[in-house]
Amino acid sequence: MTGSMGALALAALFLLATHFGLSSTPLRAALVRTFGERGFLAAYSALAALALAWLVLAWRDAPFVPLWGWSAWQWFLPIAVMPLALVLVVCGLSQPNPSAVGQGGMVDRGEAPHGILRITRNPVMWGIGLWAASHMVPNGDLAGMLFFGTLAVLALLGAVLIDAKKARRHGASWLAFAAETSNLPFAAVASGRQSLQRAVREIGWRRLGVAVLLYAVLLHGHGWLVGVPATPPL
């Protein structure tokens, strides 16, 4: 392993350790008691931003170590997955979401799942996870696996840990909410606990339009934004 690849691995471990170590262990409660909720969130946000920036820079500097061959179909997997990922992120950020910081009170008030929460109760985490996991396939090299794999683990395992944290904090209220929803997208719909038609109606065309616009910008501006086109060369 070269020094650059070692730096990427270290950055990946640091991001996972700081995220899960500070947000999902008893250390969080101790820090909140010491610095207060706002102080903890401010410091944690700054540390998370620095950890993510380190990961991105280390990925850009890492050498290319191929793991599998290239095929045109691999490019189309993220193209197919990203519309759903963007809908999840846009809706998760633009409507009340009990899995978000400071919004767990809607569970205690007994508010019914609405909009994107009928599809998954962790929409932002799943949106990020689908983005990262789908990009692992066309990036068939070791650095790509470390970068996108780290972000996929961060999001998808994070969704599970958020559920566990909310269950501890809100008790029966969260269990009742979780019984009506699902972590896995569309699982509650498939089981008949939620209606996809109602979810789409409550999400509304405005949010769907924003997601489509973002998709178009990312699809056509991918080469300018990250230096690699979103579609395979002819």
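Trainee: Is Arg109 buried or exposed?
Mentor: This is a predicted model, where local features need pLDDT of at least 70, side-chain atom pairs count only at pLDDT 80 or more, and totals for chains, interfaces and linings use all residues. Residues are numbered from 1 along each chain as its sequence is written, and side-chain values use heavy atoms, with hydrogens and water left out. Buried means under 20% relative accessible area, exposed over 50%, and partly exposed in between (1.4 Å probe, protein chains only). Arg109 has 60% relative accessibility, so this residue counts as exposed.

Trainee: Which residue does the side chain of Arg109 meet in a salt bridge?
Mentor: A salt bridge is a side-chain nitrogen of Lys or Arg within 4 Å of a carboxyl oxygen of Asp or Glu. The partner of Arg109 lies at 2.8 Å, N to O, and is Glu111.

Trainee: How many residues apart in sequence are the parts that Arg118 and Glu202 tie together?
Mentor: Arg118 and Glu202 form a salt bridge, with the closest N and O atoms 2.7 Å apart. Helices here are DSSP runs (H or I, at least four residues), numbered from the N terminus. Arg118 lies in the loop between helix 4 and helix 5 (123-136) and Glu202 in helix 9 (residues 196-226), so the parts tied together are 84 residues apart.

Trainee: What is the relative accessible area of Arg118?
Mentor: Glu202 counts as buried at 18% relative accessibility. Arg118 is buried too, with a relative accessible area of 8%.

Conventions. Helix = DSSP H or I, 4+ residues; strand = E, 2+ residues; numbered from the N terminus.
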